[in-house]
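Biologist: Could you take me through this structure? I have not seen it before.

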Amino acid sequence: MFECQYNEEMEAEVKRLEAKARAVAAGHPEWLNACAVCGVELQTVDVSCCGICNEK
């Protein structure tokens, strides 16, 4: 049980760090996340692309 919780926490932390790295790469270190394609600000760390780029 502890292992499962630890894995979930680490997965969430990796997502957060990847999202922050995308924001920094887009030139906005103050954002939580940015689209990996167009660089628009994203409000959640659970996605890597905005809806418009995701449809392409």
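Biologist: Which residues form a nonpolar patch on the surface?

Modeller: The patch consists of Phe 2, Tyr 6 and Met 10, which together have about 350 Å² of accessible area. Patches are made of residues with over 30% relative accessible area and no salt bridge; like charges are joined within 9 Å, and nonpolar side chains (Val, Leu, Ile, Met, Phe, Trp, Tyr) within 5 Å. Accessible areas come from the Shrake-Rupley method with a 1.4 Å probe, and for residues only the protein chains shown count as cover.

Biologist: What kind of model is this, and how are residues numbered?

Modeller: This is a predicted model, in which local features need pLDDT of at least 70 and side-chain atom pairs count only at pLDDT 80 or more, while totals for chains, interfaces and linings use all residues. Residues are numbered from 1 along each chain as its sequence is written, and side-chain values use heavy atoms, with hydrogens and water left out.

Biologist: Back to Met 10, then. Where is Met 10 found?

Modeller: Met 10 lies in helix H1, residues 2-25. Helices (H or I, at least four residues) and strands (E, at least two) are DSSP runs, numbered from the N terminus. With a relative accessible area of 38%, Met 10 is partly exposed; buried means under 20% relative accessible area, exposed over 50%, and partly exposed in between (1.4 Å probe, protein chains only).

Biologist: How many salt bridges does a search of the whole structure find?

Modeller: The search finds two, a salt bridge being a side-chain nitrogen of Lys or Arg within 4 Å of a carboxyl oxygen of Asp or Glu. Glu 11 pairs with Lys 15, their closest N and O atoms being 4.0 Å apart. The side chains of Glu 13 and Arg 16 meet at 2.7 Å, N to O.

Biologist: How far apart in helix H1 are Glu 11 and Lys 15?

Modeller: Glu 11 and Lys 15 are four residues apart, which separates them by about one helical turn. Glu 13 and Arg 16 are three residues apart in H1, again about one helical turn. An α-helix has 3.6 residues a turn, so residues three or four places apart point the same way.

Biologist: Which residues in H1 are buried?

Modeller: Ala 19, Arg 22 and Ala 23 are buried there. Strand E1 (33-34) is included in what covers the buried residues of H1. Just after H1, Gly 27 takes a positive phi of about 90°.

Biologist: Changing topic: what pattern does the protein follow along the sequence?

Modeller: The pattern is α-β-β-α. The radius of gyration, taken over C-alpha atoms, is 13 Å, well over the 10 Å that the globule rule (2.2 Å times the number of residues to the power 0.38) gives for 56 residues, so the protein is more spread out than a compact globule. Along its principal axes the C-alpha trace spans about 40 × 25 × 15 Å. Of the 56 residues, 20% count as buried.

Biologist: And where is Thr 44?

Modeller: Thr 44 sits in the loop between strand E2 (41-42) and helix H2 (51-55). The C-alpha atoms of Thr 44 and Ala 34, ten residues apart along the chain, are separated by 9.1 Å. Thr 44 is partly exposed, with a relative accessible area of 33%.

Definitions and conventions: Contact = heavy atoms within 4.5 Å.
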